[in-house]
Amino acid sequence: MTDLRVYKLSRKEEILYHAGLVLAGLAVSYLLYRNIFFAVVILPFSKKIKGFVTDSIISRRRKRYLAEFKDFLFMASTAIGAGRSMKDAIAESIPSMRNIHGRRSILAGDLEKAYERMETGGENDVTVLRDMAELSGLEDVHDFVTVYSICKMTGASLITALNKAASVIMEKMSIDREIEELIRRKESEGMVIFVMPVLIILFLNLTAPDYIAPLYETVAGRVIMTSVCASIIGIYAMIQKIVSVEI
């Protein structure tokens with residue numbers, strides 16, 4: 001099963017990441033210092049930048065997984081309502097999950113492994129679902145498995161629990177989208193402030209290179225440019241701190 005709490009870049013992604021890092025380093029180096037050898041200044045931030053990229057990928061994968069899980073709950077509810085067991089419900093939902101979310105659906109792959117463990121390994125469905133919930137790191141999946149295990153032990157209506165869980169996830173996703181839209185607007189406003197120093201420097205290089213030349217040819221100019229670079233990084237960090245809202 002897929003561990004959504006971590007992510008390792010593929011070979012292709014590693015190549016693209018390092019190529020992008022080199023190009024960004026060269027661009028910043030030339031714009032701020034007119035010397036590509038200053039591109040090495042980006043190396044100390046390489047690990048942090050990679051962590052940021054990885055965290056973004058993890059976040060997108062978890063959101064997609066939760067959307068897929070919501071669809072699975074409705075499918076499972078229909079199957080169980082027709083008298084199927086959870087194992088059979090999982091088996092019947094896999095083709096539909098592939099059709100809706102494509103061959104690269106993360107949850108469909110996990111459901112296949114879960115079914116194999118129950119069918120071939122003879123493992124208990126609650127145990128398998130708990131492992132899947134643990135690896136997902138998603139509170140909604142944990143809550144569903146808890147409700148499912150309680151319903152199994154007490155004989156409560158599983159269909160009602162499945163439909164309610166799916167409805168709660170849909171409501172939460174709707175609220176998440178609204179909050180993300182507000183955050184996106186504020187982030188866009190912050191990015192204007194972030195890119196402004198870069199645009200000013202680029203504009204002066206294109207329109208008045210002699211005017212800005214002392215910033216590249218003197219020690220004081222280098223110090224000023226370094227301060228500008230540090231300020232840009234500080235602005236970006238501040239923007240991310242402001243818009244980082246735990247939903």
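## The nonpolar cores

In this predicted model, the largest nonpolar core has 39 residues. Phe-69, Phe-72, Leu-73 and Phe-144 have the most contacts inside this core. Six helices each supply at least two of its residues: H2 (46-81), H3, H4, H5 (125-136), H6 (139-154) and H7 (158-207). The largest share comes from H2, which gives nine residues.

Phe-69 shows how this part of the chain is joined to others. Setting aside neighbours within four places in sequence, Phe-69 is in contact with Leu-107, Met-132, Val-141, Phe-144 and Ile-169.

## Helices H3 and H4

Helix H3 covers residues 86-101 and helix H4 covers residues 106-119. The two pack with their axes 9 Å apart, at an angle of about 155°. Angles over 145 degrees count as roughly antiparallel, so H3 is roughly antiparallel to H4. Their crossing is left-handed.

On the H3 side, the contact is made by Lys-87, Ile-90, Ala-91, Ser-93, Ile-94, Met-97 and Arg-98. On the H4 side, the residues are Leu-107, Ala-108, Gly-109, Leu-111, Glu-112, Tyr-115, Met-118 and Glu-119. By class, the residues of the contact between H3 and H4 are nine nonpolar, two polar and four charged.

## Helices H4 and H5

H4 also packs against H5, at an angle of about 150° and with the axes 10 Å apart. That angle makes H4 roughly antiparallel to H5. The crossing of H4 and H5 is right-handed.

The contact of H4 with H5 has six nonpolar and four charged residues, and no polar ones. Leu-107 and Met-132 are also among the contacts of Phe-69.

## Helices H1 and H2

Helix H1 (residues 11-33) packs with H2 at an angle of about 130°, and their axes are 12 Å apart. This makes H1 oblique to H2. H1 passes H2 in a right-handed crossing.

Glu-14, Tyr-17 and Leu-21 of H1 make the contact with Ser-46, Ile-49, Lys-50 and Val-53 of H2. These residues divide into four nonpolar, one polar and two charged.

Is Ser-77, with its relative accessible area of 6%, buried or exposed? Residues under 20% count as buried, so Ser-77 is buried at 6%. Ser-77 lies in helix H2. Leaving out residues up to four places away in sequence, Ser-77 touches Ile-159, Leu-162 and Asn-163.

Ser-167 lies in helix H7. With a relative accessibility of 32%, Ser-167 counts as partly exposed. Ser-167 and Lys-70 are 97 residues apart along the chain, while their C-alpha atoms are separated by 8.2 Å.

## The loop between H5 and H6

Gly-137 sits in the loop between H5 and H6. Gly-137 is partly exposed, at 28% relative accessibility. Apart from residues up to four places away in sequence, Gly-137 touches Arg-5 and Arg-62.

How far apart in space are Gly-137 and Ser-167? From C-alpha to C-alpha they are 20 Å apart, with a separation of 30 residues in sequence.

## Met-225 in helix H10

Met-225 belongs to helix H10, which spans residues 219-243. Its relative accessible area is 1%, so Met-225 is buried. Without counting residues up to four places away in sequence, Met-225 touches Leu-32, Tyr-33, Ile-201, Ile-212, Leu-215 and Tyr-216.

Met-225 and Ser-96 are 56 Å apart from C-alpha to C-alpha. In sequence, Met-225 and Ser-96 are 129 residues apart.

Terms used. Residues numbered from 1 in each chain as written. Predicted model: local features only at pLDDT ≥ 70, side-chain atom pairs only at ≥ 80, totals over all residues. Heavy atoms only, no water. Axes fitted to C-alpha atoms, helices over the stretch in contact; angles between N-to-C directions. Helix = DSSP H or I, 4+ residues; strand = E, 2+ residues; numbered from the N terminus. Parallel < 35°, antiparallel > 145°, perpendicular 65-115°, else oblique. Left-handed = near helix turned anticlockwise from the far one by under 90°. Contact = heavy atoms within 4.5 Å. Nonpolar A, V, L, I, M, F, W, Y, C, P; charged D, E, K, R; others polar. Core = buried A, V, L, I, M, F, W, Y, C linked by side-chain atoms within 4.5 Å. Buried < 20%, exposed > 50% of the residue type's maximum accessible area, 1.4 Å probe, protein only.
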